[in-house]
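I opened my notebook for this one and started with the charged pairs. Here is what I looked up, entry by entry.

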Amino acid sequence: MSPDALVATLRAAGCVFAEDEARLLLEAAADETELALMVADRVAGRPLEQVVGFAEFDGLRLAVAPGVFVPRLRSTLLVRRAAAGLRAGDVAVDLCCGTGALGAALLAAVPGLEVYAADLDPAAVACARRNLPADRVFEGDLYDALPDRLRGRVAAVVANAPYVPTDAIATMPPEARDHEHRVALDGGADGLDVQRGVVAGAPRWLAAGGRVLVETGRHQASRTAELMTAAGLRTELVTDDEVDGTAVVGTR
């Protein structure tokens, strides 16, 4: 398939950035047969990152696997806020890690950082082990997955926990609702179920002065902040209109 024909096919399928997508597909495909299969997947609605097997995030190229949550630009807010208070030798934890994008970006931003990650989804764990030191990525439910030796030592917990209310998943773009595992999206009736676990457990794992940084929706931010305050944390709401990011930071 010629580049022009590929662009036309993608544009007809509704791909807004057809030229950029065509370039990435041509780069990723080993031959015409693989290209045809990849184009068919993309036209059928599979996220481009899952089709080509990688995502660009905060200057990094990260492995992505089918079904695993694709990192979004808005999550760079968490990385920048967390990195600003970290130094070599500190411990950081990426909870609900998906591809491990947040942890990998922190590791790149702060050389010498000790990064750990955890996710409940085995597919996400396998993917994150390709993007982070494999022996520091754990499968399990939030803090229960982490080695006990980290308790009280963590300088920063970053968490892009699922925060879409269950009833709202049906309104999400098909790329997300049909191709990312439900466990990475569903935040329960009010979207805060997983955040509750992240925030409630944080004080037992954070070092003195340690922070927990949680991505959230703008309409949910005040309730996320209430969770932080109830956990005894000093709370700050941060936003970044440039990347459409919203997060709440709690400091022990």
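Which residue forms a salt bridge with R72? I found E180, with the closest N and O atoms 2.6 Å apart. My cut-off for a salt bridge is a side-chain nitrogen of Lys or Arg within 4 Å of a carboxyl oxygen of Asp or Glu.

A note on the ground rules: this is a predicted model, where local features need pLDDT of at least 70, side-chain atom pairs count only at pLDDT 80 or more, and totals for chains, interfaces and linings use all residues. Residues are numbered from 1 along each chain as its sequence is written, and side-chain values use heavy atoms, with hydrogens and water left out.

Back to the pair. E180 sits in the loop between helix 8 (174-177) and helix 9 (193-205) and R72 in the loop between strand 2 and helix 5, so they tie together parts that are 108 residues apart in sequence. Helices (H or I, at least four residues) and strands (E, at least two) are DSSP runs, numbered from the N terminus. E180 is buried at 5% relative accessibility, while R72 is partly exposed at 22%. Buried means under 20% relative accessible area, exposed over 50% and partly exposed in between (1.4 Å probe, protein chains only).

Next, the other bridges. The structure holds 15 of them. One joins E21 and R42 at 2.7 Å, N to O, and both of these residues are buried. I also noted R151 with D148 at 2.9 Å; R151 is partly exposed, at 39%. Shared partners link E21, R42 and E175 into one network.

Then a charge without a bridge. D94, in strand 3 (residues 91-95), is buried and has no salt bridge; R129, the nearest side chain of opposite charge, is 13 Å away. For charge, I count Lys and Arg as positive and Asp and Glu as negative, leaving out His and the chain ends. The D94 side chain does reach the backbone nitrogen of G103, at 3.0 Å.

What encloses helix 5? Six of its eight residues are buried, so helix 5 is largely enclosed by the rest of the structure.

Key: Polar contact = N/O pair within 3.5 Å; in protein donor to acceptor, adjacent residues only side chain to side chain.
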